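Student: Take me through one residue and its surroundings up close, please. I'd like to know where it sits, what it touches and what lies around it.

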Amino acid sequence: MQFFIDTADTQEIKALVEAGFVDGVTTNPSLIAKSGRNILEVIAEICAMVEGPVSAEVAATDHETMLAEGRKLAAIASNVAVKLPLTVDGLKTCRVLSDEGHMVNVTLCFSPSQALLAAKAGATYISPFVGRLDDMGKDGMDLIDDILEIYSSYPDLQTQVLVASVRTTRHVERAAMLGADVVTVPPKIIWDMFKHPLTDKGLEGFMKDWAGTGQSIL
Ligand code: E4P
């Protein structure tokens, strides 16, 4: 399973690139707003830091403007994946950009039907939002299970399932258990994945016992 980082904060991305855990990056208009930076500049900077796909989302909602914005975003770097909303105009735009050879990430997916439509429109990635479904009292991971089952019945569909709106390390674990292709994770959740109290306690014990030996490996 690939790990994408869900942020437009280049310092956070740099730290995780150095740790070796970044297969790609996803952004959205809210994350760009949070960064306080110009979208074209920040996407260019992220694309230079990361070899894998970097999702950059259009801001328009009509087909013609989405297409123009998508082409402009795709021209920033060869690893840009144009992010489009799951609407009629969004999927129309997806078909065109996909046929032109661009990577497309279809976002704001909340049902298996929507995921099926995105795959038929040639999306490279479908982004089901598990956390926002959990927020409504549903189990967002059920949607991932359903989409993976549908896609597995049709091997010709090339769309990858990108688990989005991740809130906990358990979301990441369950995405991996279900065999999702990609999970996009806020930086804090990646760092949380390292943590376990028994790891800290165990290491403390090993270091204490080691100090008692008076040895040095180097
Ligand atoms: C990623 O592509 C999505 O934009 C993001 O995961 C949404 O997460 P949120 O529901 O926490 O805003």
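Tutor: Helices here are DSSP runs of H or I with at least four residues, numbered from the N terminus. This is a predicted model, so local features need pLDDT of at least 70 and side-chain atom pairs count only at pLDDT 80 or more, while totals for chains, interfaces and linings use all residues. Numbering runs from 1 along each chain as its sequence is written, and side-chain values use heavy atoms, with hydrogens and water left out.

Let's zoom in on His 171, which is part of helix H9 (residues 169-178). With a relative accessible area of 6%, His 171 is buried (under 20%, using a 1.4 Å probe and protein chains only). Leaving aside residues up to four places away in sequence, His 171 touches Val 130, Gly 131, Asp 134, Met 141, Ser 165 and Val 166 (heavy atoms within 4.5 Å). A polar atom of the His 171 side chain also lies 3.0 Å from the backbone nitrogen of Arg 167.

Now for the ligand. Ser 165 has a polar side-chain atom 2.7 Å from a ligand oxygen. For Asp 6, a polar side-chain atom lies 2.6 Å from an oxygen atom of the ligand, and Lys 83 likewise has one at 2.6 Å from a ligand oxygen. On its own the ligand has 350 Å² of accessible area, and the protein covers 84% of that (Shrake-Rupley method, 1.4 Å probe).

Note on methods: Helix = DSSP H or I, 4+ residues; strand = E, 2+ residues; numbered from the N terminus. Buried < 20%, exposed > 50% of the residue type's maximum accessible area, 1.4 Å probe, protein only. Polar contact = N/O pair within 3.5 Å; in protein donor to acceptor, adjacent residues only side chain to side chain.
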